[in-house]
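Welcome! Please take a look at the structure shown here, and then read on for a short tour.

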Amino acid sequence: MTPAPSTTSTPATLRVAGARRRGPLHALWRYRWPLLFVSPFFILFAVFSVYPILYSLYLSFHEWRGIGAMRPVGTANYERLLGDRIFWNSMLNSLILFFIYVPLMTFLAIVIATMLHGNFLKLQGLWRALVFMPHLTSMVAAGFTFRLILDTHTGFANRALTWLGVSPVPWLDDMWWARISVGLLMIWAWLGYNTIIMLAGLQTIPTEVNEAARVDGANTVQVFTRITVPLLRPVILFAVTLSIIGTFQLFTEPYILTGGGPMRATETPVMQIFSSTFANLRFGYAASMSYAYFLTIVVLAILQFRLVSRGDR
Amino acid sequence: MRARHGDLLVKGVAYAALTVLCAFMLFPFVWMLVSSFKPFPEIFAGRTFLPQEPTLANYVALFERYDALRKFWNSFYIAGSATVLSVFLCALGGYAFAKFTFPGRNVMFAIMLASMTIPFAVMMVPLFVMMRNVFGWIDTPWPLIIPGAANAFGIFFMRQYMLSVSDDMLDAARIDGASEFGIFLRVVLPTALPGLASLAIIFFMASWNNFLWPLAVLRSPPMHTVPIMLNSLQGPPGRTAFDLLMAGSVLSVIPMLIVFFFLQRYLIAGITAGSVKG
């Protein structure tokens, strides 16, 4: 499975030529094909990622409404940002949303993947397809559909609850319920995706391990908690890391479902950056916001990594 | 005997749980579909589940008043061209990283992997300024095709895939005097076809459903893609055109469902790549 040693990768003709002449230009010529093949990425990366990120730093020390002259303001944007409760509230919202849906979704994904793994149940392909289907949907379409279903007065969800004798729920009109509603939409959209990842992880666990535990007298639940979950740990970490990144990049779901409301309870940092740029035309301030946002994510990622590696010891 | 009895119980619970879950997963699709055939007031009256008098008026209005055909075409050709270009460039990069040794390869690979962690929102503001002031690309498809054309995930994915391409086959082609680019086109690409399919589906889906960036750069309605058109049907409270919205939503989902049911295998292969090995 491992690739053969790299000698075979260098064409014989080039090796002969390379022995005669040396120098950096010659090296460039000798490796022209692989360098040419990877160059599109690095050119596009430099122009459309590195340059914008550096330009953003420059922008963050200026006041600019998108046209006309930029006015240097020193660290004023960052000073204002430190006291911007709306922005920090949006960061907090992301954290709250993360805890509302990620633990539940990850748990469900592991359970469903376990159920769909092996030959335990019939119609595996069908179940898997049904669980995965929402992931294909445009979040705009899904968001509007959820808004219709969850409407406090006319939505189907509350009609069904009333019919069942349960009092209706202010799905989108209460701060906490609105967060739960966004979480519900996230679980709906991403559960299938996470299940597929967990399924792939399960396929790497040899069946003998489970069988051995069975022979030793473990029941289904014990096999799940003592064997499956511990062996699946790396894959679970991978999925949770993706969820952290995903939660902090949330935009479409709350933008469509709740518009960030009620009382900014579901507003996210990306929504803040978006509205500062395109509604308030405060480009410099939005740039400082995106820097603070980026740094926070980096810090969170490092913290999570520390936490995880400590658990390994 | 007791263990088998317990298993039967677990199995029953599993089937019941899956049924409830799948009902939750399916219901929004069902609601989208039935609502799309209801007139506006009936969507909110909620007297019956199925439309009392099914009508295609919502679909007709969507095409007549909002030029939906044009927006579907915009979505389709943006997603199509972005996919073709990205898959090609990612295959090229992935091939180089998998099958060549060159100075700086590991550093380059590490930079590429690290670039995956940069959230798009960090570059959104300056990228928008660049698109408007430098390139003049606002209201054109280019911002949705060019900047993301060679993306790190795609190159990483193709590299994993290309590692299994046989070196003997490549050397044989070299001895036959094929050019390096010719080898890529005629030897490498055909053997990597399943990997290309996985990547193509993921890219197409991402572009078709993309919202934030198109919302920023596609300003005038004739240039809108489908998700932006749906968003534009939003009005002040009580005035959002949910009737047309549901019709548009149904139409926006159909192409993805068709792709999924025919090419499910490739999509799942693409999603799981990296989760186990990486």
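Which domains does the domain assignment of chain A give? The assignment, which is automatic or comes from a database, gives domain 1 (6-60) and domain 2 (85-312). Please keep in mind that this is a predicted model, in which local features need pLDDT of at least 70 and side-chain atom pairs count only at pLDDT 80 or more, while totals for chains, interfaces and linings use all residues. Residues are numbered from 1 along each chain as its sequence is written, and chains are lettered from A and ligands numbered from 1 in the order in which they are written.

**Chain A as a whole**
- Chain A has 15 helices and 2 strands; these are DSSP runs numbered from the N terminus, with helices being H or I of at least four residues and strands E of at least two.
- Its C-alpha atoms fill a box of roughly 85 × 70 × 40 Å along the principal axes.
- The radius of gyration of chain A is 26 Å, whereas a compact globule of 313 residues would be near 20 Å (taken over C-alpha atoms, with a globule rule of 2.2 Å times the number of residues to the power 0.38).
- Of the 313 residues in chain A, 40% are buried, meaning that 20 or more other C-beta atoms, placed from the backbone, lie within 10 Å of the residue's own.

**The two domains of chain A**
- The C-alpha centres of domain 1 and domain 2 of chain A are 39 Å apart.
- Their contact takes 4 residues from domain 1 of chain A and 6 residues from domain 2 of chain A (residues are in contact if their C-beta atoms, placed from the backbone, lie within 7 Å).

**Where chains A and B meet**
- Chain A brings 73 residues to the contact and chain B brings 75 residues.
- On the side of chain A, the largest share, 16 residues, comes from α3(A).
- That side of chain A has 55 nonpolar, 17 polar and 1 charged residues (Ala, Val, Leu, Ile, Met, Phe, Trp, Tyr, Cys and Pro count as nonpolar, Asp, Glu, Lys and Arg as charged, and the others, Gly among them, as polar).

**A helix pair in chain B**
- The axes of α3 (residues 57-66) and α14 (residues 242-272) of chain B come within 8 Å and cross at roughly 85°; axes are lines fitted to C-alpha atoms over the stretch in contact, with angles from 0 to 180 degrees between N-to-C directions.
- That makes α3(B) roughly perpendicular to α14(B), a term for angles of 65 to 115 degrees.
- Among the residues that meet are Asn58(B) and Tyr59(B) in α3(B), and Asp243(B) and Leu244(B) in α14(B).

Note on methods
Contact = placed C-beta atoms within 7 Å. Parallel < 35°, antiparallel > 145°, perpendicular 65-115°, else oblique. Buried ≥ 20, exposed ≤ 12 C-beta atoms within 10 Å, placed from the backbone.
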